[in-house]
Amino acid sequence: MRSSSLRFGGAERKKLLWRFTGYVVLAVALMLLDSRFAAVQTLRQAAATAMYPLQWLANQPVRLYRHVENLARSQADLLSQNRELLEENGRLQMRLQRDQVNRNELAELKKLYALQQRDIGAVVGAEVISNGKDPLSEKLILDKGSIQGLSEGDAVIDQNGLIGQVTQVQPYSAEVTLISGKRSVVPVMVARTGERSLIYGSGSNVELRYFPMASDLQPNDVLLTSGLDSVYPPGIPVATLGKVVRASGTPYYETELVPFAGLRGSRFVLVLPSANNNNK
């Protein structure tokens, strides 16, 4: 039994040896033919051409994977760039808004300085730091007080016109009541005719309540302080007439006024000493 298995194993080994030898001889022969005979090269090219579709199909999964990978990477890069651009745009917008605010404040300060140099001497520049606890309050709080020479009764203006009057003073701050306050009364005159009257605060705006229709009054007429109350210096712009109507059933004009000053929008103001304070 053992002898038969040995004979069988030896025969198999001989077959494998002859097969290996045959393959080696065939490989050497093909290499010689490939290097010396053009026909073999032509056959190889034909075989390569015939195999190209199979190679192309075999490469498609790899190409598809690389294409998807590139798309995903490109999309991630685009999202990252878009996020960075949005952040940069936000920063630029904030910087632009700050620059605009700074330009507006600079223009406001320049106008106040020009007004101080041209028309008014003894004034105190101040900044509005609060309008009190109520955003619709009739009051403003300034960052200057009695230490800087402010007194009750002083007039307050911005670069365009009259804002109000100082009504309370602390050492380092002061409270201003707007001309639109419900208890506010300002003596005025029509700049074009010199006709005198009073304007009253309504809580949100100013009103010319009792101007007789027998007098000359026209749209766009300018109202200036008349100086009759010894509080507001004469000649300060207060409001312009937006509408003038001869109302029936009453001897007075029906009007609408537009204040010159930014009553709740000005940040920098000038405080003018009243005539009473100057006489002290």
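Modeller: The largest nonpolar core has 41 residues. Leu 142, Leu 162, Ile 179, Ile 199, Leu 208, Leu 217 and Leu 257 touch the most other members. A nonpolar core here is a set of buried Ala, Val, Leu, Ile, Met, Phe, Trp, Tyr and Cys residues joined through side-chain atoms within 4.5 Å. Buried means under 20% relative accessible area, exposed means over 50%, and partly exposed lies in between (1.4 Å probe, protein chains only).

This is a predicted model, in which local features need pLDDT of at least 70, side-chain atom pairs count only at pLDDT 80 or more, and totals for chains, interfaces and linings use all residues. Residues are numbered from 1 along each chain as its sequence is written, and side-chain values use heavy atoms, with hydrogens and water left out.

Take Ile 179. Leaving aside residues up to four places away in sequence, Ile 179 touches Leu 162, Ile 163, Gly 164, Ser 184, Val 186, Gly 201, Val 206, Tyr 232, Val 238 and Leu 263. Contact means heavy atoms within 4.5 Å. For the protein chain, take the contacts with a separation of 6 or more: residues 24 or more positions apart account for 56% of them. Of the chain's 280 residues, 28% count as buried.

Now Leu 142, another of the core residues listed. Helices (H or I, at least four residues) and strands (E, at least two) are DSSP runs, numbered from the N terminus. The protein chain has three helices and 12 strands.

What does S2 pair with? S1 pairs with S2 in the antiparallel sense over two bridges. Two strands pair if DSSP finds at least two bridges between them. Val 128 stands opposite Leu 142 in S2. Strand S5 (residues 174-178) is joined to S2 by four bridges, and the two run antiparallel. There, Val 176 in S5 is the bridge partner of Leu 140.

Leu 257 is also among the core residues listed. Strand S11 covers 253-259. An open sheet of six strands holds S11, in the order S8-S7-S6-S9-S10-S11, with antiparallel pairing. S8 (206-207) and S11 stand at the edges with a single partner strand each, so one side of each is left without a neighbour in the sheet. Inside that order, S9 (residues 222-225) pairs with S10 (residues 237-246) in the antiparallel sense over three bridges. Leu 224 stands opposite Pro 237 in S10.

Side chains also link S10 and S11. Glu 256 and Lys 243 meet in a salt bridge (3.5 Å, N to O). Glu 256 lies in S11 and Lys 243 in S10, so this pair ties together parts that are 13 residues apart in sequence. A salt bridge is a side-chain nitrogen of Lys or Arg within 4 Å of a carboxyl oxygen of Asp or Glu. Lys 243 forms a salt bridge with Glu 254 as well, the closest N and O atoms being 3.7 Å apart. That pair links Lys 243 in S10 with Glu 254 in S11, 11 residues apart. Lys 243 is partly exposed at 29% relative accessibility. Glu 254 is partly exposed at 41%, and Glu 256 is partly exposed at 45%.

The count comes to seven salt bridges. One of them joins Glu 127 and Arg 267, with the closest N and O atoms 2.7 Å apart. Glu 127 is in strand S1 (residues 124-130) and Arg 267 is in the loop between S11 and strand S12 (268-272), 140 residues apart. Glu 127 is partly exposed at 21% relative accessibility, and Arg 267 is partly exposed at 34%. Elsewhere, Arg 192, Asp 216 and Asp 221 are linked in a network of salt bridges.

Last, the surface. The protein chain exposes about 18700 Å², and carbon and sulfur atoms supply 58% of it. Accessible areas come from the Shrake-Rupley method with a 1.4 Å probe; for residues, only the protein chains shown count as cover. Met 51, Leu 54, Trp 56 and Leu 57 form a nonpolar patch with about 410 Å² of accessible area together. Patches are made of residues with over 30% relative accessible area and no salt bridge; like charges are joined within 9 Å, nonpolar side chains (Val, Leu, Ile, Met, Phe, Trp, Tyr) within 5 Å. Trp 56 sits in helix H2 (residues 38-118). Trp 56 is partly exposed, at a relative accessible area of 39%.
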